[in-house]
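Trainee: I am new to this structure and would like to learn how to read it step by step. Could we take one feature at a time, with the general idea before the case?

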Amino acid sequence: MIQARTSAPEETKELAAAIAALCGAGDLILLVGDLGAGKTAFTQGFGVALGVEDPITSPTFTLANEYQGRLLVHHLDVYRIEQLEEVRDLAIPELLDGAAITLIEWGDTILPALPGDYLEVRLTFGEEDDDRVIELRVAGPRWMARKKALAEAIHSWRDPSC
Ligand SMILES: Nc1ncnc2c1ncn2[C@@H]1O[C@H](COP(=O)(O)OP(=O)(O)OP(=O)(O)O)[C@@H](O)[C@H]1O
Ligand SMILES: [Mg+2]
């Protein structure tokens with residue numbers, strides 16, 4: 001696990017941009033954390049780094065948004081999904097097949113419906129209002145291979161105690 005800390009939304013966006021630089025087609029990122037933790041903020045910084053010009057907004061009601069940047073960015077929010085069967089309608093395997101990167105807010109709640117290769121980004125609240133602790137966990141060979149590069153990319157936000 002790689003642990004980082006940010007103390008402003010812009011910092012979380014910059015950290016996301018640093019991670020985006022390591023990503024390629026077919027990558028899956030699960031965004032985990034309570035309401036208001038910064039999952040959408042992370043996606044905004046991530047998208048900008050990939051050249052997305054349209055404003056990235058929360059897909060809480062639409063479930064899935066799509067943005068064109070250097071690659072296609074699929075931004076899903078599965079907060080409202082109650083049954084695992086509903087995930088089928090989102091056609092996630094097809095999304096992952098294309099020349100796209102997929103980010104899923106609350107992705108940990110649908111793990112059985114997802115492939116085993118992903119980066120988990122877990123955001124939790126810190127001491128001050130704008131403090132966030134960001135934990136990165138790699139799963140599967142695609143991300144395992146990038147673990148060192150990931151740690152280096154976010155070096156400026158690393159928590160020295162971890
Ligand atoms: N360090 C920080 N990192 C990210 N967001 C921060 C930080 N400090 C303050 N914020 C604020 O916290 C809020 C995060 O909202 P955001 O919509 O990104 O959360 P979310 O995790 O997507 O919530 P939801 O589960 O409702 O979709 C924003 O208002 C943002 O400005
Ligand atoms: Mg959100």
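Mentor: Let us begin with strand pairing: two strands count as paired if DSSP finds at least two bridges between them. Please keep in mind throughout that this is a predicted model. With that idea in hand, we can turn to β5, where Ile 29 stands opposite Leu 103, and where 4 bridges join β2 to β5, the two running parallel.

Trainee: Which strand is joined to β5 by 6 bridges?

Mentor: That strand is β4, which also runs parallel to β5, and here His 74 stands opposite Thr 102.

Trainee: How many of the residues of β5 are buried?

Mentor: A residue is called buried when its relative accessible area is under 20%. By that cut-off 6 of the 6 residues of β5 are buried, and the strand is mostly covered. Ala 100, Thr 102 and Ile 104 point one way from β5, while Ile 101, Leu 103 and Glu 105 point the other way, and all of them are buried.

Trainee: In what sense do β1 and β7 pair?

Mentor: β1 and β7 pair in the antiparallel sense, over 5 bridges, and the bridge partner of Gln 3 in β7 is Glu 135.

Trainee: How should I read a helix, and why is α2 described as largely enclosed by the rest of the structure?

Mentor: For helices in general, an α-helix has 3.6 residues a turn, so residues three or four places apart point the same way. In the present case, 8 of the 11 residues of α2 (residues 39-49) are buried, and therefore the helix is largely enclosed by the rest of the structure. Those buried residues are Lys 39, Thr 40, Ala 41, Phe 42, Thr 43, Gly 45, Phe 46 and Gly 47, and they pack against α1, β2, β4, β5 and β6. After α2 comes Gly 51, whose phi is positive, near 85 degrees.

Trainee: Which protein donors does the magnesium ion have?

Mentor: When reading a metal site, remember that water is not among the atoms, so a site may look incomplete. Here the protein donors of the magnesium ion (ligand 2) are Thr 40, through OG1, and Glu 105, through OE, lying 2.1 to 2.2 Å from the ion. Thr 40 belongs to helix α2 and Glu 105 to strand β5, so the pair ties together parts that are 65 residues apart in sequence. Thr 40 counts as buried at 17% relative accessibility, and Glu 105 counts as buried at 3%.

Trainee: How many salt bridges does the structure hold, and what should I look for in them?

Mentor: A salt bridge is read from distance, with a side-chain nitrogen of Lys or Arg within 4 Å of a carboxyl oxygen of Asp or Glu. The structure holds 6 salt bridges. In one of them Arg 142 meets Asp 27, the closest N and O atoms being 2.9 Å apart. This pair links distant parts of the chain, with Arg 142 in helix α4 (residues 141-144) and Asp 27 in the loop between α1 and β2, 115 residues apart. Arg 142 is partly exposed, with a relative accessible area of 37%, whereas Asp 27 is buried, with a relative accessible area of 1%.

Trainee: With which other residue does Asp 27 form a salt bridge?

Mentor: Asp 27 also forms a salt bridge with Arg 146, where the closest N and O atoms are 2.8 Å apart. Arg 146 lies in the loop between α4 and α5 and Asp 27 in the loop between α1 and β2, so this pair ties together parts that are 119 residues apart in sequence. Arg 146 is buried, with a relative accessible area of 16%.

Trainee: What joins Glu 120, Arg 122, Glu 135 and Arg 137?

Mentor: We can start with one pair, the side chains of Glu 120 and Arg 137, which meet in a salt bridge at 3.0 Å, N to O. Glu 120 is in strand β6 and Arg 137 in strand β7, so the pair ties together parts that are 17 residues apart in sequence. Salt bridges that share partners join Glu 120, Arg 122, Glu 135 and Arg 137 into one network.

Methods. Residues numbered from 1 in each chain as written. Chains lettered and ligands numbered in written order. Predicted model: local features only at pLDDT ≥ 70, side-chain atom pairs only at ≥ 80, totals over all residues. Heavy atoms only, no water. Buried < 20%, exposed > 50% of the residue type's maximum accessible area, 1.4 Å probe, protein only. Contact = heavy atoms within 4.5 Å. Donors = N, O, S within 2.8 Å, 3.2 Å for Na, K, Ca; no water.
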